[in-house]
Every structure is written in C-alpha cells, then in structure tokens.
Amino acid sequence: MAGQLLQSQASSSTRPFHVSSRTLSNSSTASPVPITPVQRVSAQEEGDKITSENLRKVLRKVPFPVVIVSTNSPTDPTQRRGITVSSFTSISLQPIPLIAFCVKLPSRASVALHESNQFVVQFLAEDQIAHSVAFSSSVAPPKEVTKRLAQDKDIEALVQEAGEQTLINGDKTPNGTSPSPSHVTTQDELDPFDVLGHHVDPESNLPVLDNTLGAIRCKPHRVLTVGDHEMWIGHVEKVLYGDIPGDPDQEKPLLYHDRSYRKVGRRIV
C-alpha cells in the first residue's frame, strides 16, 4: 500500500500543470497590471556624466574669446539677428582660411544661419560687455555688469529685452517650449544693432557692429551636428576690418573665464 501511495505521488508530481476553464475564466476578467520598464543607467553613461561635470570644472579655468555672430533674413535684410558665442576658434589659414563656433540645438540662431547661409563674426573689446549681454541669454547679468550698463538707460533697457528679441544659445520661451524662428522686432522693442551702432556691408547686406576689434565675413564651409550642438565651420571670405595693426595696449579682447567677464592681464614675456 505504501508503495502504491509513493508511486501515485511520484506520478502526480510529474504531470504537467493543468489550468481549468474556471481558472481561465477568472484570470481573463482580472485587470492587467501595467509593467513599468526599469530605466537602467549603464556604467558608461554614469561615467560620461561624471566626466562631463569634471570637464566643466576644468574648462572654467580656461579663458575664451567673446564674439558676436551676426546675420539677417535673405528676404528682408532689416531683420537682423545676432548671437553671442564663446566657442570661437580658428582652424586653418591654408589652403583656405577656416574658423569655427558652436550653437545649441534647437535654437533660433541655427534656423537663421541656415536661412541666411552667410554671417559676420565680430571680436569684442574688453569694454564691450554691453555688446555681449545684449546678444546673450535673458539670464540677468552679474551685478558688476548691471552697474556699468545702468549708466546708459538705452543699454539697461536693452538688456531687459535681450531675451525677447535676440538670438541666443539654446534660448527658451517662458513656458519652456522652443522659440519661434520667425520673431520680428516690433516698434516697442529696442534693436541692439541700432543701440550699439552698426553699418551694413555693401557686398553682402549683412549687419556689422561698429568699433569692435575686428570683423570677418564668412560662408558656411561645413555644418556638423555634434551632441546637442551644431558646429559651424566658416570659410572666411573677407576681413572687413581689424587687420591693420594697432596699439596692443589699447586693443585688448574681452574674455570669458570662470563664469565672468575678464580682460587680458599684463604681458609676461
């Protein structure tokens, strides 16, 4: 008897599991439980995040020149656009002169540059912080800059309006959406080109700021999408001004270093 019982238990343990019609009926009426996918961060992604933050800290120790890239609408040259960038660099002089800078994606700057297909790069002097702020983001400038800008009511008002009517790196509207690429300056808004002073290049109809250290006119040589930025490589067609040597003590560039504006120090050698 014991042997028959053991044999019966053994045989039942090897039978496949059977689901009755009642079990299926009950399970079919049960509400499905949503499964939330687990977001896993790879070791590589985590490492890149840490490296990016460390790189940011290192780059704060390196000064960058401050330049303004200007362009306009190909159908209406009076619709001028400008953007402050600190990512400018020269690439080569031979066989063709090439420069480069970056703009954030998405941005109205990218849209305007693609539409125009030409631009001017202007190099700011150490006393042209107002130029940088006027074409930069709507974030309030440092207190030291605000004090200097407050000396001129037009410039002070211009800074307040800068985020509304200029092209800025990675700019956003108040609700966090991407900005419209078809913004038009109204009569109530200040045009930074008019306030700061500019003239029109007769060959290209591009706006050129007055009294900067120098200005060069470029055509796009290549545009590369890298991460969340576009790298614009420009072919320098003409040096508009600034190629005549001047007094190095009087012509000092504006620099951006450690999240603040700086100027060149004394000569070492």
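A residue counts as buried when its relative accessible area is under 20%, as exposed when it is over 50%, and as partly exposed in between. The views below use these words throughout, and they show a predicted model.

**View 1. Ala-130 in helix 5 and its distance to Pro-192**. Ala-130 has its place in helix 5, which covers residues 129-134. With a relative accessibility of 16%, Ala-130 falls under the 20% limit and therefore counts as buried. Although Ala-130 and Pro-192 are 62 residues apart along the chain, their C-alpha atoms are separated by 9.7 Å.

**View 2. A nonpolar surface patch that includes Leu-55**. The relative accessibility of Leu-55 is 46%, so Leu-55 is classed as partly exposed.

**View 3. The loop that holds Ser-73**. Ser-73 is found in the loop that lies between strand 2 (67-72) and strand 3 (80-85). Is Ser-73 buried or exposed? Its relative accessible area is 19%, which means that Ser-73 is buried under the 20% limit. A polar atom of the Ser-73 side chain lies 3.3 Å from the backbone nitrogen of Asp-76.

View 4. Strand 11, made of residues 254-257, is joined to strand 12 by four bridges, and the two run antiparallel. Within this pairing, Leu-254 has Lys-263 in strand 12 as its bridge partner.

**View 5. Two cysteines, Cys-102 and Cys-218**. How many disulfides does the model contain? The count comes to zero, where a disulfide would need a pair of cysteine sulfur atoms within 2.5 Å. Cys-102 is partly exposed, with a relative accessible area of 21%, while Cys-218 is buried at a relative accessibility of 0%.

**View 6. A salt-bridge network around Arg-217**. Side chains of opposite charge can pair when their charged atoms come close. The structure holds eight salt bridges, and one of them is formed by the side chains of Arg-217 and Asp-201, at 2.9 Å from N to O. Arg-217 belongs to strand 9 (residues 214-226) and Asp-201 to the loop between strand 7 (198-200) and strand 8 (207-209), so this pair ties together parts that are 16 residues apart in sequence. Both Arg-217 and Asp-201 are buried, and for Arg-217 the relative accessibility is 8%.

The side chains of Lys-238 and Glu-203 also meet in a salt bridge, at 3.1 Å from N to O. Because Lys-238 lies in strand 10 (residues 229-241) and Glu-203 in the loop between strand 7 and strand 8, this pair links parts that are 35 residues apart in sequence. Lys-238 is partly exposed at 34%, whereas Glu-203, at 54% relative accessibility, counts as exposed.

A further salt bridge joins the side chains of Arg-217 and Glu-237, at 3.5 Å from N to O. With Arg-217 in strand 9 and Glu-237 in strand 10, the pair ties together parts that are 20 residues apart in sequence. Glu-237 is partly exposed, with a relative accessible area of 41%. Through salt bridges that share partners, Asp-201, Glu-203, Arg-217, Glu-237 and Lys-238 are joined into one network.

Conventions
Residues numbered from 1 in each chain as written. Predicted model: local features only at pLDDT ≥ 70, side-chain atom pairs only at ≥ 80, totals over all residues. Heavy atoms only, no water. Pairing = 2+ DSSP bridges. Buried < 20%, exposed > 50% of the residue type's maximum accessible area, 1.4 Å probe, protein only. Polar contact = N/O pair within 3.5 Å; in protein donor to acceptor, adjacent residues only side chain to side chain. Patch = residues over 30% accessible without salt bridge, like charges linked within 9 Å, V, L, I, M, F, W, Y side chains within 5 Å. Areas by Shrake-Rupley, 256 points an atom, 1.4 Å probe, with all protein chains shown as cover. Salt bridge = Lys/Arg side-chain N within 4 Å of Asp/Glu carboxyl O.
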